[in-house]
Amino acid sequence: MTGPVLLVVLGALGALAVCAGVLVFVVDSMARATFSLLASFLAVGASLLLLDLPYLGLLVVLMMTVEMAIMVVFMVMLMMNPGGLMPMSMVHNTRGAVAAGVVVLAALSAGIWTVDWPERSGAAPPDTTVQVGEAVMGPHMLVMIVVGVVLLATMIAGLALATPRGRYDRLGPDLDRPRPDDPVDGGLPR
Amino acid sequence: MWFNAAEALLWAAMWMLGWAPNSPYALVGAYRFLAQGLAYELPLMFALTTVGVGAGSLRSTDVVAAQTGGGWFVLTMPVAFVVLLAAAAFTAWGPFAAPAGTDLAGGVLAESSGVGRLLVQTGRCAFLGVTCAAAAAWFLGGGDGPLLPAPVWFAVKTLAVVALVVLVGRRLPLLRPDRVADVAWTVVLPLTIVQAAVVAVLVLTGGMP
């Protein structure tokens with residue numbers, strides 16, 4: 001796909017992403033809101049695929065789908081509007097949000113049309129996946145390693161803060177119980 | 001990557017399948033599916049990473065090309081092979097059938113009927129078939145083999161893997177999703193990481209056959 005056709009398809013995908021994004025705040029059901037958000041992300045992933053970025057596009061599809069599948073569980077669990085008995089709104093401070101949104105949109109649009117874009121120099125590489133890999137694993141290796149460890153530490157710390165049961169609940173005050181006292185047994189004989 | 005993204009879409013598809021009918025049995029099945037998915041996703045990603053490391057590329061054609069001449073990846077990465085075949089978990093089939101179990105009156109399938117049910121069942125069978133074909137391409141050398149032309153070899157290997165999966169799957173008992181999660185995170189995940197590390201060392205030392 002090249003030229004005008006590509007532009008039209010990309011425009012349609014962009015419109016789909018925005019419309020699905022709006023739907024997130026329109027629908028009442030948390031399941032529908034979550035999967036509208038997923039539709040929005042999938043449209044973005046498809047646009048990346050069309051721009052010859054297969055790795056990044058598939059990564060968006062993969063990560064966002066799994067993320068939304070997990071998120072929907074928590075959305076339904078914590079934010080559900082059970083049978084319309086507890087109507088809830090997904091928007092807060094509507095006027096301030098509208099004002100901020102309009103100002104940012106105007107500023108960004110003005111930027112897009114007034115910036116003196118440079119002419120493209122050089123051509124796209126044949127394999128963008130290799131380029132992404134070199135960018136991540138080459139000059140930015142240290143940053144990626146640090147960020148990865150920080151993310152992992154955040155996840156572990158979050159779990160440790162959130163879990164109501166610690167090792168003393170499982171193994172007793174002296175940590176010497178032969179079998180941990182778990183509400184649900186695991187699959188291993190221990 | 002395509003395989004992994006498509007398999008991730010199954011998460012959303014199966015959950016919506018369970019949510020949409022507004023039925024408790026189907027919803028419980030959907031939650032069971034998510035629990036199995038959480039257990040299975042990371043070992044699968046490490047298995048696919050191992051294949052990518054072994055071939056030096058994520059492209060399936062490059063993976064097949066890297067195995068020509070008998071250096072089939074199943075020899076150097078057996079753990080990844082088995083983990084990929086456990087993609088049966090993503091079709092709620094065999095030992096991983098709890099999301100569609102008879103104890104839930106059919107689980108995610110409890111309420112579906114007619115053309116919709118046919119589509120779902122076709123999709124499940126198709127995914128199992130695609131997984132077997134992927135296993136044949138990534139671990140058994142694709143069309144690599146003597147005498148016969150490559151497509152025939154590929155078909156033979158795919159059918160052999162299908163037969164193996166069906167035979168073994170029929171003989172294993174149903175696994176409870178919570179137990180699967182425990183075993184997957186404490187046993188299978190470390191195994192796949194060790195597998196990836198072994199293959200990485202083999203590649204760096206030039207030990208890949």
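Phe3(B) touches Leu44(B), Leu48(B), Leu84(B), Phe127(B), Val130(B), Thr131(B), Ala134(B) and Trp138(B), leaving aside residues up to four places away in sequence; contact here means heavy atoms within 4.5 Å. This is a predicted model, where local features need pLDDT of at least 70 and side-chain atom pairs count only at pLDDT 80 or more, while totals for chains, interfaces and linings use all residues. Residues are numbered from 1 along each chain as its sequence is written, chains are lettered from A and ligands numbered from 1 in the order in which they are written, and side-chain values use heavy atoms, with hydrogens and water left out.

**Core and buried spots**
- Phe3(B) is among the residues with the most contacts inside the largest nonpolar core, along with Trp15(B), Leu84(B), Trp138(B) and Phe139(B); that core has 63 residues.
- A nonpolar core is a set of buried Ala, Val, Leu, Ile, Met, Phe, Trp, Tyr and Cys residues joined through side-chain atoms within 4.5 Å.
- Over in helix α8 of chain B (residues 177-205) sits Gln195(B); helices are DSSP runs of H or I, at least four residues, numbered from the N terminus.
- Gln195(B) is buried, at 7% relative accessible area (buried is under 20%, exposed over 50%, partly exposed in between, with a 1.4 Å probe and protein chains only).
- Among the residues that Gln195(B) touches are Thr50(B) and the run Thr76(B), Met77(B), Pro78(B), Val79(B) and Ala80(B).

**Where A meets B**
- Chain A and chain B put 25 residues each into the contact.
- About 2,100 Å² is buried between the two chains, and carbon and sulfur atoms give 82% of it; buried area is the accessible area (1.4 Å probe) that two parts lose on being put together, summed over both.
- On the chain A side, Phe35(A), Leu58(A) and Leu62(A) lose the most area to chain B, together 25% of what that side buries.
- The elements of chain A giving two or more residues to this side are α2 (30-50) and α3 (54-79), and α3(A) gives the most, with 12 residues.

- Asp52(A) isn't a glycine, yet has a positive phi of about 65 degrees.
- Asp52(A) falls in the loop between α2 and α3 and is exposed, with a relative accessible area of 57%.
- Leu175(A), also not a glycine, has a positive phi of about 55 degrees.
- Leu175(A) comes in the segment after α7 (167-171) and counts as partly exposed at 34% relative accessibility.
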